[in-house]
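I opened this model to look up a few local features. My entries follow in the order in which I made them.

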Amino acid sequence: ENVVVNLNATGAAGQPSTIGTIAAGETKELAIELTPRQAGIMKLDAVAQGDGDLQARSALEVMVRRAE
């Protein structure tokens, strides 16, 4: 219950997103839009926290290429 997700990208602090309740075994998707400022590796780190000191974390690296 009371799940909040915080997504951080390289060079930018994220805004928390309130998801609410997620039942056991349930998944929810969170749509985001990122605008990279430069080419290279962008590191993404997501942390979901809920009541009862529950926490899940995921990290990902994305290669950003310059448009031609």
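Is N2 buried, partly exposed or exposed? N2 is partly exposed, because its relative accessibility is 48% (buried means under 20% relative accessible area, exposed over 50%, partly exposed in between, with a 1.4 Å probe and protein chains only).

I noted the basis before going on: this is a predicted model, in which local features need pLDDT of at least 70 and side-chain atom pairs count only at pLDDT 80 or more, while totals for chains, interfaces and linings use all residues. Residues are numbered from 1 along each chain as its sequence is written, and side-chain values use heavy atoms, with hydrogens and water left out.

**Backbone**

I looked up phi at N2 and found it near 55°, a positive value in a residue other than glycine. N2 sits in the segment before β1 (strands are DSSP runs of E, at least two residues, numbered from the N terminus). D53 is not a glycine either, and its phi is positive at about 60°. I placed D53 in the loop between β3 and β4. D53 counts as exposed because its relative accessible area is 78%. For context, most residues other than glycine have a negative phi.

**Salt bridge**

I searched for salt bridges (a side-chain nitrogen of Lys or Arg within 4 Å of a carboxyl oxygen of Asp or Glu) and found one in the structure. The pair is D45 and R57, with 2.9 Å from N to O. It links distant parts of the chain, since D45 is in strand β3 and R57 in strand β4 (residues 54-64), 12 residues apart. D45 is partly exposed, with a relative accessible area of 22%, whereas R57 is exposed at 54%.

**Pockets**

I then looked for pockets. On a 1 Å grid over the protein atoms alone, a pocket is an open set of points where a 1.4 Å probe fits, with protein on both sides within 12 Å along at least five of seven lines; lining residues have an atom within 4 Å of a point. A volume is the space filled by probe spheres set on the points, which are joined across faces, edges and corners.

The largest pocket holds about 290 Å³ of space. It is lined by 14 residues, and those closest to its centre are T10, T35, P36, R37 and M42. β3 gives the largest share of this lining, three residues. I sorted the lining of the largest pocket by class and got eight nonpolar, five polar and one charged residues (Ala, Val, Leu, Ile, Met, Phe, Trp, Tyr, Cys and Pro count as nonpolar, Asp, Glu, Lys and Arg as charged, and the others, Gly among them, as polar).

The second largest pocket has a volume of about 230 Å³. Its lining includes V3, V5, L7, K28, E29 and L30. The largest share, three residues, comes from β1. I counted nine nonpolar, no polar and two charged residues in the lining of the second largest pocket.

**Surface**

L30 also turned up in a nonpolar surface patch of about 250 Å², together with I32 and L34. L30 lies in the loop between β2 (17-20) and β3 (40-50) and is partly exposed, at 38% relative accessible area.

**One distance**

My last entry is A13, in the loop between β1 and β2. A13 is exposed, with a relative accessible area of 72%. Its C-alpha atom is separated by 19 Å from that of M63, 50 residues apart along the chain.

Conventions:
Patch = residues over 30% accessible without salt bridge, like charges linked within 9 Å, V, L, I, M, F, W, Y side chains within 5 Å. Areas by Shrake-Rupley, 256 points an atom, 1.4 Å probe, with all protein chains shown as cover. Helix = DSSP H or I, 4+ residues; strand = E, 2+ residues; numbered from the N terminus.
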